[in-house]
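Please read this briefing alongside the sequence and the three-dimensional view that follow. The lead sentences come first, and the remaining points are then grouped by topic.

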Amino acid sequence: MTSPSARLRELALTMPTVAAPAGSYVPARRSGALVFTAGQLPFVDGALAATGKIGGEVTPEQGKDLARTCALNA
């Protein structure tokens, strides 16, 4: 079994620094074996990478990259 750190290296992904919450909420809550997250935005170096609707201001390709950023931030 591959460790999460090894898998990140295989995928050439680096973990971003933890962003401060953008509002008054709990960013993650654990319930048993599950973790529920909220407010995951595409922050890069403390700033939103982009805003808008996919297919409007954001292309589908940009949306895919922004979703990856959100997942890494989570």
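**Briefing on the predicted model**

V35 counts as exposed, at 55% relative accessibility, where exposed means over 50% relative accessible area, buried means under 20% and partly exposed means in between, with a 1.4 Å probe and protein chains only. This is a predicted model, in which local features need pLDDT of at least 70 and side-chain atom pairs count only at pLDDT 80 or more, while totals for chains, interfaces and linings use all residues. Residues are numbered from 1 along each chain as its sequence is written, and side-chain values use heavy atoms, with hydrogens and water left out.

**Overall build**

- The protein contains two helices and four strands, which follow the pattern α-β-β-β-β-α when read along the sequence; helices (H or I, at least four residues) and strands (E, at least two) are DSSP runs, numbered from the N terminus.
- Along its principal axes, the C-alpha trace of the protein spans about 40 × 35 × 20 Å, and of its 74 residues 14% count as buried.
- Among contacts between residues at least 6 apart in sequence, 43% join residues at least 24 apart, a contact being heavy atoms within 4.5 Å.

**Strand β2 and helix α2**

- V35 belongs to strand β2, which covers residues 34–37, and, leaving aside neighbours within four places in sequence, V35 is in contact with A28, R29 and R30.
- Helix α2 has 14 residues and reaches 20 Å from its first C-alpha to its last, close to the 20 Å expected at 1.5 Å a residue, where the expected span is 1.5 Å times one less than the number of residues.
- The buried residues of α2 are G63, L66, T69, C70 and L72, and what covers them includes α1 (4–10) and β3 (43–44).
- T69, in helix α2, is buried because its relative accessible area is 19%; not counting residues up to four places away in sequence, T69 touches P42, F43 and V44.

**Charges and the salt bridge**

- A search of the whole structure finds one salt bridge, defined as a side-chain nitrogen of Lys or Arg within 4 Å of a carboxyl oxygen of Asp or Glu.
- This salt bridge joins R7 and E10, whose closest N and O atoms are 3.0 Å apart.
- Being three residues apart in helix α1, R7 and E10 are separated by about one helical turn, and R7 is partly exposed, with a relative accessible area of 42%.

**Loop residues**

- Most residues other than glycine have a negative phi.
- G56 is placed in the loop between β4 (47–48) and α2 (60–73) and is exposed at 56% relative accessibility, while the C-alpha atoms of G56 and M1, 55 residues apart along the chain, are separated by 41 Å.
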